Amino acid sequence: MDMQHFETLYHEHYKKIFRTAYLVTGDYQLAEDATQEAFLKAFSRMETLRDQDKFASWVSVIAANYSVDLLRKNKKLLFTEKTDIQADHSQESSPHDFWEKKENLQEVREALQQLEPDERMLIVLKYFNELSIKEIASLHTVSPGTIKSRLFRAREKLRVLLQPSPDQKRHMGKA
Amino acid sequence: MKRRDAKDLDQLLKTFFQQESEALTPPSSMKGWAELRTRLENQESPALSGELTKSLEEKERSLIKRGYGLFRQHKALTSLAAACLLVAIYFAGLPPVDTLKQSFQGVTNSSEADEAYFRVETSGERMEAETPLPQDTPDPGGDPEQEVILADIPPTEEIPALEVEVDTAEVPGEAKDPKEKTPEQPSEETLARDSQLDEEMDMAMEATSSLGFSEHSDFINSLKGLSATLIVDEIWYFQEAPPGFVFANAVISRSDTALHAVTQSFSSSDGERRLSINQSFFLSAAEAGAAYYSLDELAVPVQVGPYEGSLFRQQGINTITWLQEKSVVSLSGQLEDGQLFEVIEALESISASSQS
């Protein structure tokens, strides 16, 4: 084991991997655990990684998988509170304002929390880690079509959760 | 409108994640590295010692099995040899074996010699060998003349002779002169017998009971009722039959002190496809690892949650096997890879912590 090399890799990617894990788990402690386990696993199986340039993507996927698993094991920490995110849409004046406003709202976070952990994992890998569907698929050893359909379902769910309420739609229609 | 929504949503998510990650302060990587380095350094040595221990255990087990196999294979000859020996002892005026054992102790009064004696003479009965004869064992009251005869016989010469006579002279394929007899190649019968011996040895070592279930609810209740002390690793099971399948049967194999395996089987509604999950438990991570890594090397490596797994494709049956800390889980069925992964996602688990 080349500890020097591992140490360099660890410090270089730690923050990004921790953030990936946090965005999936929504829990600081679980994210820390998932990050450690992911690096441990990665360094233990370093020889199986063919393209060393893919290290970051690879560890991100491992960390995301660990995060999902930790969430399943710690079911009490699942995001079970289902808040009515469509309750407060009365202030937006246009579709653009609506989405823009959402950027600053808790609602996006809550919508993400209402997804299943593996759905959230895919969203995080796609939009935070900016991995392509092909990359996610190859790192999960499933077909790109499978990832694409799962991602589509997750996005649809998010879109519905973030959809303006009927009142908001009426309001936007007038604008 | 929908297209625009989708595009906006992509942008919204990217912006959201960017803001979230910027607002988050990760812990120090220095502290994390110190901990990880220790774990990495400790990871190699236990694995190595585990392998060595396992190797020694395997050798010991193999020897016992071989001895037991020879005995089973030549039971008649062994019995005949023993009978001849008893006749010889009788005609030589020596006491029977039990008396000989006790008389020997009386003459030599050496516990070390006793142990050596027992180890050789009663090699098929290890329990006895490991139980030292009490020092205050009463003198059997044998004939003093016999004791005198016994005292004249050096135990170190007499005792091994018994073993040599039984083990080598009577066993085909073990002849000392290779010109007289060529060693036998293991036949299918021999292999089958070895396999049977394996099973018998396992059964002899610990009595295992297998509980079969034809009702899914009974199985679930029994699984959830397992004592936390039996659960050495997270147990995966289907709370509900996967879509398109109905419960067929389930088996829980266990002893009083350990859980050995859990199997849950389903069949498709038309009865043409099967799906089953089997989890085998081991006493140590090294044993589980050995069982896992002895599987087909041609398997495709996959990641199942945090676990290292393999995908096997054989004659329309796909099997995903993954290694946990002290168990190996196999999910097998006539399903596409993607469907298998989806089925995996429906699995639920029981752990020792959830039971306590």
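## Terms and model

Helices (H or I, at least four residues) and strands (E, at least two) are DSSP runs, numbered from the N terminus. This is a predicted model, in which local features need pLDDT of at least 70, side-chain atom pairs count only at pLDDT 80 or more, and totals for chains, interfaces and linings use all residues. Residues are numbered from 1 along each chain as its sequence is written, while chains are lettered from A and ligands numbered from 1 in the order in which they are written.

## Where chain A meets chain B

Chain A puts 38 residues in contact with 32 residues of chain B. Contact means that the C-beta atoms of two residues, placed from the backbone, lie within 7 Å. On the chain A side, H1 (3-25), H2 (28-44), H3 (55-73), H4 (95-103), H6 (117-127) and H8 (144-161) each supply at least two residues. H1(A) gives the largest share, ten residues.

By residue class, this side of chain A holds 19 nonpolar, eight polar and eleven charged residues. Here Ala, Val, Leu, Ile, Met, Phe, Trp, Tyr, Cys and Pro count as nonpolar, Asp, Glu, Lys and Arg as charged, and the others, Gly among them, as polar.

## Two loop residues with positive phi

Glu130(A) sits in the loop between H6 and H7 (133-140) of chain A. Its phi is near 55°, a positive value in a residue other than glycine. Glu130(A) is exposed, with 12 other C-beta atoms within 10 Å.

Thr141(A) lies in the loop between H7 and H8 of chain A. Thr141(A) is not a glycine, yet has a positive phi of about 55°. Thr141(A) is partly exposed, with 16 other C-beta atoms within 10 Å. The cut-offs, with C-beta atoms placed from the backbone: buried is 20 or more other C-beta atoms within 10 Å of a residue's own, exposed is 12 or fewer, and partly exposed is in between.
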